[in-house]
Amino acid sequence: MIIPLKCGAIPYERLAHILHAPLPRSLRGGVPTRLVTHTGEIQEGDLFCALKGKKDGHDYIREACERG
């Protein structure tokens with residue numbers, strides 16, 4: 001699933017703060033333009049959301065990071 005994010009999306013720095021997550025330098029100052037749930041659809045700068053279903057999206061986090 002791909003969800004386009006419009007203006008007013010939360011900046012990566014704020015998301016990292018809320019989630020207590022590390023933020024790569026390459027994303028500092030940026031804002032995601034899409035929310036993606038399938039690693040095969042990820043483009044650089046997308047925000048990946050790992051969901052549990054038939055497969056566990058958490059198993060694909062490393063691949064999501066490698067795709068940017």
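Predicted model: local features only at pLDDT ≥ 70, side-chain atom pairs only at ≥ 80, totals over all residues.

Arg 34 and Asp 46 form a salt bridge, and their closest N and O atoms are 2.6 Å apart. Arg 34 belongs to strand β2 (residues 34–36), while Asp 46 belongs to the loop between β2 and β3 (47–48), so the pair ties together parts that are twelve residues apart in sequence. A search of the whole structure finds one salt bridge.

The protein carries 10 positive and 8 negative side chains. The centres of these two sets are 3 Å apart.

## The fold as a whole

The secondary structure consists of two helices and three strands. In sequence order, these elements follow the pattern β-α-β-β-α. The radius of gyration is 12 Å, close to the 11 Å that the globule rule gives for 68 residues, so the protein is as compact as a globular protein of that length. Along its principal axes, the C-alpha trace spans about 35 × 25 × 20 Å.

How much of the protein is buried? Of its 68 residues, 22% count as buried. Among the contacts with a separation of 6 or more, 35% are accounted for by residues 24 or more positions apart.

Helix α1 covers residues 12–19, and Arg 14 is found in it. Arg 14 counts as partly exposed, at 45% relative accessibility. Glu 13 also lies in helix α1, and Glu 13 is partly exposed, with a relative accessible area of 42%. When neighbours within four places in sequence are left aside, Glu 13 is in contact with Leu 23, Arg 28 and Gly 29.

The loop between α1 and β2 contains His 20. This residue is exposed, with a relative accessible area of 74%. Its backbone deserves a remark. Most residues other than glycine have a negative phi. His 20, although not a glycine, has a positive phi of about 55°. Ser 26 is found in the loop between α1 and β2 as well. At 67% relative accessibility, Ser 26 counts as exposed.

Leu 47 has its place in strand β3. Its relative accessible area is 27%, and Leu 47 is partly exposed. Which residues does Leu 47 touch, not counting those up to four places away in sequence? They are Tyr 12, Leu 15, Pro 32, Arg 34, Leu 35 and Val 36. Arg 34, one of the residues touched by Leu 47, is also the partner of Asp 46 in the salt bridge.

## Separation in sequence and in space

| Pair | Separation in sequence | C-alpha to C-alpha distance |
|---|---|---|
| Arg 14 and Val 31 | 17 residues | 9.6 Å |
| Leu 47 and Ala 64 | 17 residues | 9.1 Å |
| Glu 13 and Arg 34 | 21 residues | 16 Å |
| Ser 26 and Gly 53 | 27 residues | 30 Å |

Arg 14, in helix α1, is 9.6 Å from Val 31. Leu 47, in strand β3, is 9.1 Å from Ala 64. Ser 26, in the loop between α1 and β2, is 30 Å from Gly 53, C-alpha to C-alpha.

Technical notes. Residues numbered from 1 in each chain as written. Heavy atoms only, no water. Helix = DSSP H or I, 4+ residues; strand = E, 2+ residues; numbered from the N terminus. Rg over C-alpha atoms; globule rule 2.2 N^0.38 Å. Buried < 20%, exposed > 50% of the residue type's maximum accessible area, 1.4 Å probe, protein only. Contact = heavy atoms within 4.5 Å. Lys, Arg positive; Asp, Glu negative; His and termini not counted. Charge placed at Lys NZ, Arg CZ, Asp CG, Glu CD. Salt bridge = Lys/Arg side-chain N within 4 Å of Asp/Glu carboxyl O.
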